Amino acid sequence: MAVAGSSAGDGGGDGGRRQNLAALRAAAIPPYMKAVSGSMGGIVEACCLQPIDVIKTRLQLDRSGNYRGILHCGNTVCQTEGVRALWKGLTPFATHLTLKYALRMGSNALFQSVLKDSETGFISHRARIMSGFGAGVLEALIIVTPFEVVKIRLQQQKGLSQELLKYKGPVHCARTILREEGVLGLWAGAAPTVMRNGTNQAVMFTAKHAIDVVLWDKHEGDGRVLQPWQSMVSGFLAGTAGPVCTGPFDVVKTRLMAQNRSDPGPTKYSGMVHAIRTIHAEEGLRALWKGLLPRLMRIPPGQAIMWAVADQVTGFYERTHFHAPL
């Protein structure tokens, strides 16, 4: 499948193309451009997919079987709380996605620049995996955990009357958590979040690169730009494996973040391992993958949207700065 730009058809052309690729590896897209591309993609993704995230959170917090599935949950929320309730927590979600993708894309590019071969610019599969995992750990600790604590606290509230809700909005929610539970309250569920995001990004960045090469013969720095639909296919496929592998971490993260440490008495879950054991004992093994379907409905399409935007931004940079014909 051809992408923008043409490749030589004879053996001499192939040899020249390999030489060009080797030379251009040293001229990789700078981390700051990757950060900009990720933040722009995050804004678009958040606006499109927030309702799926609300439904996923409600299903994960449902211990009594009030919701019979995705459609029933969405319909129930709309009927009892209004359509706007499907965009509850959008402000922290959009903000956290924008900052998260900027940090993820920028730090991954920075780690890759450190781990690549200094002479050839070649990045091994191990280096790609380590770079992705490192980027996931950073985003989990710096951005994802506190923002998701606020988002989940807002999403778990039920009702229409603003006066009856404990948290009036994102800023009020964060202030209330800090006042009642201390700074650590905003980092509830940090351990499973680190495991989830680290694993997700290790898989996603490695898969995205491999899929671009296999399907579209696209190499970073080659000066060519994928069509948006091609980026969406690659992003969708790359974003599918992570949710299946990290489902238990996501469920545990949500349960731990939803706990209010200021409530009297001990909390139900004392940590990541205890939560996994408790959920397995009380609700069965399948409960550790609650919300998997809405995650698969949200994350792969979200990655498709994000990469469609990000690839166009980095592609513009490549067209502008890398002129070698391949």
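Select Arg153 and leave aside its neighbours within four places in sequence: Arg153 is in contact with Tyr167, Cys173, Ile177, Glu181, Met257, Ala258, Gln259 and Asn260. Contact means heavy atoms within 4.5 Å. This is a predicted model, where local features need pLDDT of at least 70 and side-chain atom pairs count only at pLDDT 80 or more, while totals for chains, interfaces and linings use all residues. Residues are numbered from 1 along each chain as its sequence is written, and side-chain values use heavy atoms, with hydrogens and water left out.

Stay on Arg153. This residue lies in helix α5 (residues 125-155). Helices are DSSP runs of H or I with at least four residues, and strands are runs of E with at least two, numbered from the N terminus. Arg153 counts as buried because its relative accessibility is 0%. Buried means under 20% relative accessible area, exposed over 50%, and partly exposed in between (1.4 Å probe, protein chains only).

Zoom out. The protein chain has 11 helices and 0 strands. Of its 326 residues, 53% count as buried.

Next, select Met105, Met306 and Trp307. They have the most contacts inside the largest nonpolar core, which has 14 residues. A nonpolar core is a set of buried Ala, Val, Leu, Ile, Met, Phe, Trp, Tyr and Cys residues joined through side-chain atoms within 4.5 Å. Two or more residues of this core come from each of α4 (90-115), α7 (190-216) and α11 (292-321). The most come from α4, with 5 residues.

Focus on Trp307. Beyond four places in sequence, its contacts are Met105, Met204, Phe205, Lys208, Ser231 and Gly235. A second, separate core has 12 residues, including Ala174, Leu186, Met257 and Ala258.

Last stop: helix α10. Select its buried residues, Ala275, Thr278 and Ile279. Seen down the axis of α10, they fall within an arc of 100°, so they line one face of the helix. The arc is that of the directions from the helix axis to the C-beta atoms. These buried residues pack against α9 (241-258). Turned away from the buried side are the exposed residues Arg277 and Ala281. After α10 comes Gly284, with a positive phi near 95°.
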